[in-house]
Every structure is written in structure tokens, then in C-alpha cells.
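Look over the chain below before reading on. The text after it goes from the overall fold to single residues.

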Amino acid sequence: QCPFSSFTTKLRGIESKVKNCNEQLCLITRRTQELQTTEHVIAELSTQNRELREQFHEREVLLPLFSCIISILDRCRQQTDRFVQLKDKYIKNKNRAAASAVRSLIYSKKADIVELENVLANYGIESFRNHEDTFDPRVQKCIERTPCYEKELHGSIAQRLLPGYKRYEKILRQEFVTVFTLSEVN
């Protein structure tokens, strides 16, 4: 027997084990890559799921709530305007008790307005009024048209009724205005 034959046999055995280890290593590498791909897909799906939940929450919960608060603010403003007119009427008629009661209502409504606007501000919502004199349909809604006979006034703001509201530069509700429209002179 050749002394190298047992060595050769051992080498072949080692070679077979190394080959088997390489195959196992390739299999482990492939499965690791598959797991990494799976983890990446799961992370992407998780991110998309979170974004969709946030969008759903904003669309189905927050925006209707914001709209409701804005409507309440509108009514508070309108009531405040009516109370001011009523107070002025009572002052003119020298009814101090009624004027004082209405004054209390005005302060109360103004406090409600401040409180509700603070709630909206906590969510990044702020009221705005467009500073341009010309009607801009992107940020304003024409509630009423006011006839005018001067061509220069056509399309300009006649009266600002209620402020608009925006959240992070996205318009939630346009400013309500009345707009001058040119009337034919008969």
C-alpha cells in the first residue's frame, strides 16, 4: 500500500466535506438574501399600511371634525355680528340692562371663537383672508354677487363674509366673499 493512497483518500473525504460545506453555505447565503428581500418587502408594506391608515384617519375622522369646528366658528362669528347690531340698538334705545346682557354674549362668543381657533391651530389649521382686492376662485368662494355700474369694480371684493381655512398650505375651506359684478345701465 502506498502511503499516499490513505492521504489521497482522506483528501477526497475532506474535499467532499468542503464541497458539501460550500453547497450548504450557498444555500444559507441564498436563504439569507431571500429573508432580507422578505424583510424589505415587509418594511415597505408596513410603511404603506401606516401611510394609508394615516390618510384614512385624516380623511374620515379629522377632516369631518375640522369641517364641523369651522362651521361652529362661522355660526359664532355670525351670531357675534348679530349681537353687536342688537347691542347697538339697545344702546340707542337707552336699554342699558339689555345692552349689558348682549355685551356679555358678545364676549362669550368671542371667547368661543378664540378657543376653537386654538384647537384648530393645534392641528396646523389657520384662518386666512386673501389680501388681494380682486376675487380669486382658488382661495375664495363667491357667496353673492353685488351689482355695480363701474367697470373698474367688476370682479373685485364687495364684502368679506367669513375667513377661509388652510392646513399646511392646503385649502380646507375657501374664504367666503361677495363680489361686484357689472350691471347694464338701462
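What follows describes the fold, then the core, then a few residues in turn.

This is a predicted model, in which local features need pLDDT of at least 70, side-chain atom pairs count only at pLDDT 80 or more, and totals for chains, interfaces and linings use all residues. Residues are numbered from 1 along each chain as its sequence is written, and side-chain values use heavy atoms, with hydrogens and water left out.

The chain holds 2 helices and 6 strands. Helices (H or I, at least four residues) and strands (E, at least two) are DSSP runs numbered from the N terminus. In sequence order the pattern is α-α-β-β-β-β-β-β. The chain is more spread out than a compact globule, because its radius of gyration is 37 Å, well over the 16 Å that the globule rule gives for 186 residues. That radius is taken over C-alpha atoms, and the rule is 2.2 Å times the number of residues to the power 0.38. Along the principal axes, the C-alpha trace spans about 135 × 50 × 20 Å.

Of the 186 residues in the chain, 23% are buried. Buried means under 20% relative accessible area, exposed over 50%, and partly exposed in between (1.4 Å probe, protein chains only). The accessible surface of the chain is about 14,200 Å², and carbon and sulfur atoms account for 54% of that surface. These areas come from the Shrake-Rupley method with a 1.4 Å probe; for residues, only the protein chains shown count as cover. Among contacts (heavy atoms within 4.5 Å) between residues at least 6 apart in sequence, 65% join residues at least 24 apart.

Which residues make up the largest nonpolar core? There are 11: L62, F66, I69, I70, L73, C76, I113, L116, L120, I125 and Y165. Two elements give two or more residues to this core, α1 (3–92) and α2 (96–121). Helix α1 supplies the largest share, 6 residues. A nonpolar core here is a set of buried Ala, Val, Leu, Ile, Met, Phe, Trp, Tyr and Cys residues joined through side-chain atoms within 4.5 Å.

I125 counts as buried because its relative accessibility is 3%. Beyond its neighbours within four places in sequence, I125 is in contact with F66, L120, Y165, K166, R167 and L172. N95 is 30 residues from I125 in sequence, and the two are 40 Å apart in space, C-alpha to C-alpha.

One of the contacts of I125 is K166, found in strand β4 (residues 164–167). Is K166 buried or exposed? K166 has a relative accessible area of 18%, so K166 is buried. Not counting residues up to four places away in sequence, K166 touches G124, I125, E126, F128, I171 and L172.

The loop between β4 and β5 (170–173) contains Y168, and E169 is found in the loop between β4 and β5 as well. Most residues other than glycine have a negative phi. Phi of Y168, however, is near 50 degrees, a positive value, and phi of E169 is near 70 degrees, also positive. Y168 counts as exposed because its relative accessibility is 63%; E169, at 62%, counts as exposed too.
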